[in-house]
Each structure stands twice: as C-alpha cells, then as structure tokens.
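Subject: Structure handover and findings

Dear colleague,

I am passing on the structure we spoke about, and below it you will find an account of what turned up when I went through it. Please read the notes with the structure open beside them.

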Amino acid sequence: MEKYYKMAPHFLQNIAISLFNFFHYRIRYGNLYKEYRSTFDQNRHLSLLQLKELQKQKLIDLFNHATTNSSFYRNKYKRIKTLSDLNKLSQLPLVSKEEIRKNISSIRTIPLKYRQVFETGGTTGLSMHVVYTKNNLQERFAMLDSFRGQYNYKLGCKSAWFSGKNIITYRDLKTNRFWKTDYLYNIRYYSSFHLKKDYLKFYLENLIKYKPQFLIGYPSCMIEIAEFGLSQGYDFPSNVVKAIFPTSETFSSENQQSLELFFKAKVYDQYASSEGAPFITECKYRNLHMQLQSGVFEVLDCDNVPSNEGRLVVTSFTSYGTPLIRYDIGDRVILGKGSCTCGDNNPLIEKISGREVDFVYSLETGKIFLGNISNTLKKVKGVKKFQVIQNSLDSIDINLIINPEYFTKEMEIQFLNNWRDRLGLKMGIKINVINHIPAAVSGKYQMVINNIKHLLD
C-alpha cells in the first residue's frame with residue numbers, strides 16, 4: 001500500500017488518508033465512546049474522596065483481570081491472591097520497560113483477532129508492541145477528547161496536526177508542499193520530517209491560509225515554525241487558533257511563550273503514552289491534574305520509597321489488553337501542593353520532567369526531534385537499545401545493541417530506510433553494533449548526543 005501511495009497523485013493521496021482515518025475512527029469512536037465520554041466529563045467534578053473510591057474499584061477490577069488472563073501477572077503475583085485497596089498496591093513488585101518488552105506475549109490477555117496494536121517508538125531506545133481492547137481504545141480517546149473538549153475541540157474541527165506520519169513524497173518536496181489533508185475530518189497533517197529553515201516559510205504561509213482552529217502534535221515542530229515566524233516578522237491572524245495541544249515531548253516556558261505569542265492562543269498540555277499510561281491533563285488555570293479515573297500514579301525516590309519528587313510509576317485502567325501494573329515508565333515528576341479551583345478535584349502535579357527534547361540535524365530536512373528519532377524502530381525487530389551521535393553536519397553514528405537472531409539484514413535495511421525518510425539521501429549513516437551503551441554523567445541514558453548545535457546558531 002505504501003508503494004502505491006507514493007506513486008499516486010496528490011489528490012488521491014489526500015483521499016487515501018481520509019479513507020484510512022475513516023476506518024480507524026470507526027473503531028476509536030465506536031458504540032461505547034459516547035458513554036465513556038459522558039462518564040469522564042462527569043467524574044472530573046467528583047470530590048477527591050469519591051475519585052479515590054472510584055480509583056480503588058477500578059484497581060481491584062484490573063488486578064483481577066490481569067491475574068486471571070495474563071500468565072505473566074499470575075506468576076508474578078502468585079503469593080498475592082487479592083488486592084483489596086490502594087494501600088496494598090505497594091506490596092506488588094515494580095515492572096520495568098525491559099521486563100514488559102521481554103515478556104510481552106505472556107503479558108497480553110486477548111486473542112489476536114480482538115486486538116488493536118500500537119507500536120511504541122521507544123524514547124528510551126526500546127520498542128515494544130502493546131495491544132488494546134476495542135473498549136479500552138474508545139475509553140482512551142474519550143478521555144483525551146474530554147480534556148480537549150474543555151477548550152471547544154471535537155472531531156471534525158479544522159485542525160493542523162504535527163506527528164510522525166511519513167506522508168510526503170519527493171514530488172511534494174519539489175513543489176514545496178509539506179502537508180496532506182483529510183477532507184472527511186478537516187485535518188491537515190504537516191510533515192515533521194522536513195523542518196529545514198529553507199522550508200519553514202512554506203509551512204507557515206500554508207498555516208495562515210488554512211486557518212486551523214486547533215494545533216495538535218509534537219511541540220518541537222510548532223515551536224520551530226512559531227520562532228521562525230516571530231523572527232521574520234510574520235503576523236499570524238488573531239482569533240483563529242482556539243487552543244494548542246502538544247503531545248509526546250516536554251518544552252520550556254520560553255517555548256510555550258513563543259507558541260502563544262505567535263499563534264495568539266493558549267497551550268494546554270497533557271501526558272499519557274502510546275503503551276497506555278494514565279492521563280495527566282492541564283486545566284484552564286494552567287495546573288496539571290492526575291486523572292485518578294484513568295489510573296494510579298506513584299512517585300518514588302531511588303530507594304523506591306514514596307516521595308514528592310522522583311520516578312513516575314503508573315498503573316493504567318485502560319490497559320486490559322497489555323496490563324500495566326506498577327509500571328516504571330521512566331519519566332520524572334514533582335508533585336503539586338494544595339488543590340485547584342477549576343472544578344477538577346484530581347490531585348496536582350507541579351512538573352513533568354521526562355520526554356526531553358533533543359534532535360539530529362540534516363542539511364536536507366532540518367531538525368529531526370526525539371519523537372521521530374524514536375519512531376525509527378517501527379517495523380524493526382531485534383534492536384534492544386540504540387543511541388545516535390552527531391559530530392558533524394553531514395553524518396551520524398548509530399550505536400546498536402541487538403539480538404542477532406532477530407536483527408537480520410532485512411531489519412537493518414528497514415532501520416536505515418526509516419532514517420532515510422527522516423534525514424534524506426545525502427546524510428552519512430554509520431551503524432555500530434556494540435555490547436554496551438554507557439549512561440551520561442547524570443546517570444541517565446541519552447538516546448541522542450548532539451555535538452553540533454553550536455554550528456546552527
């Protein structure tokens with residue numbers, strides 16, 4: 001299908017994207033979506049005591065489902081037969097990303113014919129396939145839309161999306177066209193692979209002409225466009241964009257100011273993950289709320305003791321297909337203090353410091369940010385971990401830790417093709433298969449080491 005898509009003319013590609021979304025949205029917005037949406041809208045205004053009681057019951061249901069249907073959890077919790085309340089959760093062992101990845105087949109609880117598959121890009125250098133039940137998928141979209149609906153978003157509103165979709169052909173590049181349009185749902189998808197300075201004016205001028213009501217996707221892409229627009233004196237029309245919804249990456253307060261100043265709209269952030277983490281959403285007063293109806297959030301220090309600042313460990317109520325119970329997701333958070341007067345009584349998070357943004361730079365395509373870098377693992381098997389190092393403008397080194405049984409020549413070609421889609425044909429790419437990738441001085445693993453940023457100033 002990808003081959004035929006690239007051969008098709010532009011208008012047929014738009015139709016293909018529209019039809020693709022139509023079939024996917026039939027599942028995401030299925031029979032139970034409206035019921036879930038109504039429930040989430042109402043539950044947000046429950047008292048904290050009521051939210052915790054709801055959370056307790058959902059936790060018990062998830063535990064019973066996992067121990068009944070997943071051999072992994074049944075064996076892991078064989079000494080713990082029941083889970084009666086939230087206070088008992090800490091008795092369960094933590095589950096790491098590596099453990100999930102290695103045992104994914106015994107963790108899953110549903111037959112293949114009922115599953116909806118999502119492949120995580122792996123911002124820690126690891127990729128894994130998780131599966132959702134159709135009900136959970138509708139739950140997650142209902143919760144996401146419940147959050148966005150507070151700012152008047154609904155499916156069908158004119159939107160500009162910046163995500164990891166590889167939709168642009170070389171014919172598009174020749175005509176400086178970096179977008180495709182879903183006419184059924186009023187979505188224009190802008191490529192996040194071609195953020196070269198020479199191209200930014202085409203993105204910007206098309207956005208001004210398109211007049212989207214909402215901007216959604218990687219903030220790194222939107223920030224590049226906003227900062228270019230500010231530096232070049234563009235005046236984005238007022239009262240067009242109603243809200244900006246970033247995904248997948250963190251960003252600084254300065255970045256947020258640039259977005260809001262240029263697009264003349266507020267940024268409202270939310271946190272989740274493609275593997276199914278529960279939601280943290282931002283309210284109208286710019287406070288981040290842990291949505292207790294979506295899961296349990298624990299913050300642990302280096303000794304796995306509860307703390308106000310530390311590693312985030314999550315248990316997700318929308319992960320019945322691939323249960324996530326005490327999942328060490330790898331991000332760091334700081335708990336907030338007090339409560340909020342917005343009407344949402346869920347507890348507060350002061351800061352999420354995971355999902356740091358870094359990039360590789362291509363002379364052909366511009367900056368390639370972390371979200372698109374992690375997605376180079378899609379359709380690739382056998383990569384345990386990788387790290388990309390850029391020491392010059394025209395080449396990168398990629399260090400790989402592999403499982404040679406699965407990382408075949410075919411997988412290497414797929415991996416390289418994924419990089420070519422992002423970097424173009426001229427960039428030198430050297431792959432080094434190694435046994436160990438050392439941590440940084442801070443002790444944290446870095447997927448990207450960029451040593452040429454000073455050359456871009």
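In this predicted model, I280 stands opposite M290 in β10, and this pair belongs to the stretch where strand β9 (residues 280-282) is joined by three bridges to strand β10 (residues 288-290), the two running antiparallel. Both strands are part of an open sheet of seven strands, paired antiparallel, whose order is β8-β9-β10-β14-β13-β12-β11. Because β8 (270-271) and β11 (295-300) each have a single partner strand, they stand at the edges of the sheet, and one side of each is left without a neighbour there.

There is a further sheet, also open, in which four strands follow the order β19-β18-β17-β20 with mixed pairing. Here the edges are taken by β19 (428-433) and β20 (448-450), each with a single partner strand, so one side of each has no neighbour in the sheet. From one strand to the next, the twist averages 15 degrees. Strand β18 (residues 395-402) pairs with β19 in the parallel sense over six bridges, and the bridge partner of S395 in β19 is G428. Across β17 (383-392), β18 and β19 lies helix α14 (residues 409-423), which runs at about 145 degrees to β19.

A hairpin is formed by β15 and β16, with three residues between them; strand β16 (residues 366-369) pairs with β15 in the antiparallel sense over four bridges, and G366 in β16 is the bridge partner of S362. Along strand β15 (residues 359-362), F359 and Y361 point one way while V360 and S362 point the other way, and all are buried.

Turning to the helices, the axes of α11 (residues 219-231) and α12 (residues 253-263) come within 9 Å and cross at roughly 60 degrees, which makes α11 oblique to α12. The crossing is left-handed, and the residues of α11 that meet α12 include M222, I225 and L230, with L259, F262 and F263 among those on the α12 side.

Leaving aside its neighbours within four places in sequence, F162 is in contact with a set of residues including Y190, L207, L215, M222 and I225.

Methods
Residues are numbered from 1 along each chain as its sequence is written. This is a predicted model: local features need pLDDT of at least 70, side-chain atom pairs count only at pLDDT 80 or more; totals for chains, interfaces and linings use all residues. Side-chain values use heavy atoms; hydrogens and water are left out. Two strands pair if DSSP finds at least two bridges between them. Contact means heavy atoms within 4.5 Å. Buried means under 20% relative accessible area, exposed over 50%, partly exposed in between (1.4 Å probe, protein chains only). Axes are lines fitted to C-alpha atoms, for helices over the stretch in contact, and angles run from 0 to 180 degrees between N-to-C directions. Angles under 35 degrees count as roughly parallel, over 145 as roughly antiparallel, 65 to 115 as roughly perpendicular and the rest as oblique. A crossing is left-handed if the near helix is turned anticlockwise from the far one by less than a right angle, and right-handed if clockwise.
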